[in-house]
Amino acid sequence: MKRRFAATLLALLAGAALAAPALLASRGGVPPLAPLPPVPVPADNPMSAAKVELGRLLFFDPRLSGNGSTSCASCHVAQMGWTHHDPLAPGYPGHRLWRNNPTVLNAAHFRRLMWDGSLERLEVQARSAMQAPVEGNGKAGIVEMRLRLVPEYVDRFRDVFGTEWPQLEHAWQAIAAFERTLVSDPRRVPFDRFAGGDTKSLSAAAQRGYALFTGKAGCIACHHGALASDEQYHALGVPRQSLFDSSALVQIAVRWQNAQRDAPRALYRGGEEDLGRYYRTRDPADIGRFRTPSLRELRYTAPYMHNGVFATLQQVVDFFDRGGGDAPNKSPLLRPLGLTDGEKRDLVAFLESLSMDEPLVVEAPELPPMLPLVDIAPSASGATERVR
C-alpha cells in the first residue's frame with residue numbers, strides 16, 4: 001500500500017466517534033457501555049500520515065529483532081485479530097512465552113498496558129517487546145545500524161523526524177503511531193450502532209444478552225465504559241494452562257520471568273505460576289490478579305484469559321456462570337450466576353456484537369531492501385541515492 005493508506009486511517013480516527021449515544025442502562029453506578037472516543041495522542045508523539053506509514057513498515061519488519069526473524073506482526077497477526085491464536089504467545093526462536101498475547105486492537109485507549117499493567121505507553125511497549133530476550137531479542141545498536149543501512153528508511157526518518165540518520169527511539173514512536181490507528185470503528189460495531197439509536201442493529205438474542213450483561217449476569221460491574229473494561233486487576237481462579245506442565249520452554253519462561261522481575265528466591269525456585277499484578281506492586285494481595293480485558297473485538301481474538309485457557313466465548317461464559325475458580329485473592333465480585341443454556345447463548349450473542357462486522361486487516365507491506373552503506377550518498381535535494 002502507498003502512503004494514502006495512512007491518510008485514510010488518520011481520517012478514520014478523526015471521524016470515527018459517533019454522536020453521543022443515549023444513556024444506556026447500567027448497574028451499581030458504573031459507567032455505561034459506550035462507543036470509543038477518538039484515540040488519545042501524546043503531545044510528544046503527534047500523528048502524521050508519513051509517520052503512520054513508517055510505523056506500518058517497521059511493525060512488519062523482522063529486522064528489528066535479534067536474528068531478523070521476528071517482527072511485531074509475528075505475534076500480533078492482522079488475520080488473527082492482531083493477536084495470536086496460540087494459547088500462549090510465540091516468542092523469539094527457541095523460546096515460548098508464558099501468557100496469552102494481548103491484541104493490539106484498541107490498545108491505544110488503555111491507560112496501562114499488558115496483563116499486569118507493567119507498561120504505560122505504546123512507545124515503551126514497542127521497545128520492550130523488540131528488545132526483551134524471549135520476544136524480539138534485538139540489540140539496540142545493531143538494530144539501529146540495520147535501519148541506517150536501508151536507504152528508504154533513511155529518507156523516511158529524515159522526512160518524519162528531521163534526523164540525518166534513523167534513531168531507534170523514533171522507530172518506537174512510529175510503531176506506536178501506527179498502532180493508534182488499529183481501533184474499532186463505531187460505525188462498523190453492531191452494539192455501537194445500537195447505542196446510537198439503530199435498534200435493528202442488534203438481534204433479539206443480543207438484546208436479551210445485553211439485558212443479562214447489565215442485570216442478572218452482572219458483567220457490567222467490571223466490563224463498563226467505552227473499552228468494556230474497568231482497567232482494574234482481579235483474581236478469578238482461571239484454570240491452570242496445561243502447557244505450564246507439558247512444555248519445558250513455558251516452564252523456563254515462567255521461572256525466567258520470576259527471576260528477572262526480582263521475585264523472592266522462594267517464588268523463583270518453586271514458582272510455577274504467573275504472579276500477575278504482584279510483579280508491579282510487590283503486594284502479596286496482588287498475586288494472581290490480572291487486568292480486566294476489553295470485550296471489544298472478541299469475535300476475532302480467541303483464545304481468552306491471561307493464559308489462553310479458554311478457546312471459545314461459550315467456555316468463558318460457563319466459567320463465570322460457575323462463579324469463577326479458586327484463587328487465594330479471588331475477587332468478591334464473582335458468584336454463581338445460575339444462567340440457563342439459552343441465557344448463555346444470548347450472552348455470547350451480545351458479546352459478539354461488540355466486535356466489528358468484519359475484522360480489521362492491514363495488508364503486509366513490501367519491505368525496503370538493505371544496502372551497504374558505502375553505496376549510499378546524499379543527493380543535492382538531501383535524499384539518499386545509490387552511487388553508480
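Helices (H or I, at least four residues) and strands (E, at least two) are DSSP runs, numbered from the N terminus. The structure is a predicted model, in which local features need pLDDT of at least 70 and side-chain atom pairs count only at pLDDT 80 or more, while totals for chains, interfaces and linings use all residues. Residues are numbered from 1 along each chain as its sequence is written, and side-chain values use heavy atoms, with hydrogens and water left out.

In the loop between α9 (204–214) and β1 (233–234) lies His223, which counts as buried because its relative accessibility is 13%, where buried denotes under 20% relative accessible area, exposed over 50% and partly exposed in between (1.4 Å probe, protein chains only). A polar atom of the His223 side chain lies 2.9 Å from the backbone oxygen of Ala228, and one lies 3.4 Å from the backbone oxygen of Pro293. Neighbours within four places in sequence being set aside, His223 is in contact (heavy atoms within 4.5 Å) with residues including Leu33, Phe213, Thr292 and Leu295.

The loop between β2 (290–291) and α14 (313–321) holds Ala302, which is joined to Pro303 by a cis peptide bond with omega of about 0°. Ala302 is buried at 19% relative accessibility, and its C-alpha atom is separated by 9.6 Å from that of Asn100, 202 residues apart along the chain. Glu297, also found in the loop between β2 and α14, has a positive phi of about 65° although it is not a glycine, and its relative accessibility of 0% places it among buried residues.

Definitions and conventions:
Polar contact = N/O pair within 3.5 Å; in protein donor to acceptor, adjacent residues only side chain to side chain.
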